[in-house]
Amino acid sequence: MSGLSQRHLIAIKDLEKSDIQLIFDTAKNFKEVLQRPIKKVPSLRDITIANLFFEDSTRTRISFELAEKRLSADTINFSASGSSVKKGETLLDTVNNILAMKVDMVVMRHSSSGAPQFLSKHIPAQIINAGDGTHEHPTQGLLDGYSVLEQFGSLKGLNYLIIGDIKHSRVAGSDIPLMLKMGAKVKVCGPPTLIPKYIEELGVSYEPNLKKALEWCDVANVLRIQLERMDTKFIPSLREYSLYYGVNRALLDSINKNITIMHPGPINRGVELDSDVADSKQSLILQQVENGVAIRMAVLYLLAGRV
Amino acid sequence: MAYSLFYLYLCNFPTMQKRVLIDSAQFLLIIDRLCHQLIEHHKNFENSVIIGVQPRGIMLSNRIAERLREIAPKLNILHGKLDITFYRDDFRMKGKPMTANETDIPFSLDDKQVILIDDVLYTGRTIRSALDAMLDFGRPKDVELLVLVDRRLHRHLPIEANYVGKVIDSITTEKVKVNWKETDGKDKIWIVNE
């Protein structure tokens, strides 16, 4: 019986393999809790959690909020729009003011990479990163890993493919270290302009041809084209991207293998992923969302043990 | 050889004392008696279910369910497992979070007569948590408690067992350990002074 090695959850790369395994095991228990007639346990009833979303979010925010409520924690919600951030308050001031109201844990999403890391050095509360810029989105990485684990029984030796905008993706930033730590092989696929320059140094291979990449993999995680993070043109047009890197039914039928499709959401239907694939039995997308709550409950529960 | 054994005995004497309270023959008699008491009260188990409390209560509830089926093969006994980790009141007091076990109650507890089963009743806090946890699965008609060992002198809460294997008067520095044939090789109840 041991706890997590970290006090905060900022990045997957800080976690040990045993931490990830512990989170998966705990999530399994919480998944059972979520099947009960009363889907609530009193574990965190003395804990107050602030959800600070300096950037827009639907899934992650609702998922965290639900996880907190299922654990009986008190929550306060904050979003940058409509707050004093608009009046020029600094991040540290905003957070310190919120902490003055006796908050134990902070769940934060921010458009700047490294914002949670910075905060963890200056405030006493525990921090859970809910996505920082183009750096990491650790709970997404965990829930992706857990969903694949549920489907395949083990991550060891599995061929995991990530398709799309790897350069701007914090999901890839968390999925890659998680899958590698758990013994899976990782390949990325996408236009060369959207692939980080030294990606091979992480132990990841690159394949520019989508069909070849799909033939190699057991699971393909299709990422969203994030136009909001691109300050210059990385691709000629969405139409051209879709032509070369869009995953569609005809392409999946042309390869002689039944692969599992994932997507972190929100989907641009018809761009990176076609509707008939996203809504098919091959897709794990809704399981990912369902597992998201259990994974976040596990992370909150395990970190709260160290408050 | 004899001298060194005696030396070891002396070294260990003040720190660690063990004595067997119940050996395997008595153990089986106790399980038998508890089963017969249950049948006396619940007759054909039409509306009764047994729920073992994780982790150590499961060993006892498995054994009770198995023995009940031997004694009365026609009985249909519903048997659930309940984990109480997320309901504990000492969460965070131990410095690290406690790891949970499986909960498996594939039936509703509404209007059922529930028999909660745990190995040792000590402070009563585990049972308090178990009552809370159990209520998330329905509203039972009534709840009874069956324990193998009742350490009656150390209760923190007003909780008593309906069926008791053995009452033990012990002091707080002593620990009661239950060994199971399935996991430890032999059925036995020890009292250990640490």
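Let's begin with strand β4 of chain B, residues 113-121, which is mostly covered, seven of its nine residues being buried. Buried here means under 20% relative accessible area, exposed is over 50%, and partly exposed lies in between, using a 1.4 Å probe and protein chains only. Helices (H or I, at least four residues) and strands (E, at least two) are DSSP runs numbered from the N terminus.

Some housekeeping, quickly. This is a predicted model, where local features need pLDDT of at least 70 and side-chain atom pairs count only at pLDDT 80 or more, while totals for chains, interfaces and linings use all residues. Residues are numbered from 1 along each chain as its sequence is written, chains are lettered from A and ligands numbered from 1 in the order in which they are written, and side-chain values use heavy atoms, with hydrogens and water left out.

Back to β4(B) and its partners. Strand β2 of chain B, residues 48-53, pairs with β4(B) in the parallel sense over five bridges; two strands pair if DSSP finds at least two bridges between them. If you want to find that pairing on screen, look for Ser48(B), whose bridge partner in β4(B) is Gln113(B). β4(B) also pairs in the parallel sense with strand β5 of chain B, residues 142-150, over eight bridges. There, Ile117(B) has Leu146(B) as its bridge partner in β5(B).

Now zoom out to the whole of chain B. Five helices and eight strands make up its list of elements, and along the sequence they read α-β-α-β-α-β-β-α-β-β-β-α-β. Of its 194 residues, 47% count as buried. Among contacts in chain B with a separation of 6 or more, 69% come from residues 24 or more positions apart; contact means heavy atoms within 4.5 Å.

Setting aside residues up to four places away in sequence, Ile39(B) touches Phe45(B), Leu68(B), Ile71(B) and Leu75(B).

On to the interface. How many residues does each chain bring to the contact? Chain B gives 18 and chain A gives 24. The size of an interface is often given as the accessible area lost when the parts come together. Between chain B and chain A the buried area is about 1900 Å², with 57% from carbon and sulfur atoms; that is accessible area lost by two parts on being put together, with a 1.4 Å probe, summed over both. The count of salt bridges between the chains is zero, a salt bridge being a side-chain nitrogen of Lys or Arg within 4 Å of a carboxyl oxygen of Asp or Glu.

Finally, two residues in chain A. Ala80(A) sits in the loop between β2 (74-79) and α3 (91-99). Is Ala80(A) buried or exposed? Ala80(A) counts as buried because its relative accessible area is 13%. Beyond four places in sequence, Ala80(A) touches Phe53(A), Phe54(A), Val85(A) and Lys86(A).

Ser147(A) belongs to helix α5, residues 138-152 of chain A. With a relative accessibility of 1%, Ser147(A) is buried too. Leaving aside neighbours within four places in sequence, its contacts include Met262(A), Leu284(A) and Asn291(A).
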